[in-house]
Amino acid sequence: MQDRGECSQSNESWCDDHLVSSETQTKVQALKMMVNWLVGIKAGDMNSAKSTLRLMHTMITHDGDLMEKGQINKAEMARLRLQAGCCMLKLAQEPAFSDLLLLDQFQDLALLINDRCFNVRAKFAQKLHKALIQLRLPLQYMSILCLAANDPVKERRQQVKTYLVNNIY
């Protein structure tokens, strides 16, 4: 996941899909492909699943800049953080992989709901709610919704509260 392109110095925290570089689009697709491959083989290769979870966790903890060289703009870093979090949620939906998620990985995943980028917070909460409402995630993931109580946008707090109430009833 070496960054090869020049960094466009944009201070925007999110950008439209058509403005995302092909390199970042490739990284997003690669993350999806790895997760789909793991889901396809189910419990066949736990070492690959552990290393994939470590990769995604590292991507979240390093704010989407895996190589930490500053060669990627903020909007693309936000997209990569979001994709890593969504992929971790997808793996957690599989019984074979849900126990592989370590506590520190779960905590960092949960903190995506408090990400500095509004779109990451909103899209992550939507993915989490969808999986919870379909009863595909363990009950402990519902606690992540409570972390949105400090969201700076009132409408987001209300939306997440609605998600939580819908999951309870």
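## Charges and basis of the model

The mean positions of the 21 positive and 18 negative charges of the chain lie 6 Å apart, where Lys and Arg count as positive and Asp and Glu as negative, with His and the chain ends not counted, and where the place of a charge is NZ of Lys, CZ of Arg, CG of Asp or CD of Glu.

The model is predicted, and local features need pLDDT of at least 70, side-chain atom pairs count only at pLDDT 80 or more, and totals for chains, interfaces and linings use all residues. Residues are numbered from 1 along each chain as its sequence is written, and side-chain values use heavy atoms, leaving out hydrogens and water.

## Fold and overall shape

The chain holds eight helices and zero strands, these being DSSP runs numbered from the N terminus (helices: H or I, at least four residues; strands: E, at least two). The radius of gyration of the chain, taken over C-alpha atoms, is 16 Å, close to the 15 Å that the globule rule gives for 169 residues, so the chain is as compact as a globular protein of that length; the rule is 2.2 Å times the number of residues to the power 0.38.

## Burial and one histidine

Of the 169 residues of the chain, 46% count as buried, meaning under 20% relative accessible area, with a 1.4 Å probe and protein chains only. His-129, which is found in helix H6 (residues 118-133), is buried because its relative accessible area is 14%. Not counting residues up to four places away in sequence, His-129 touches Tyr-163, Asn-166 and Asn-167, a contact being heavy atoms within 4.5 Å.

Conventions: Buried < 20%, exposed > 50% of the residue type's maximum accessible area, 1.4 Å probe, protein only.
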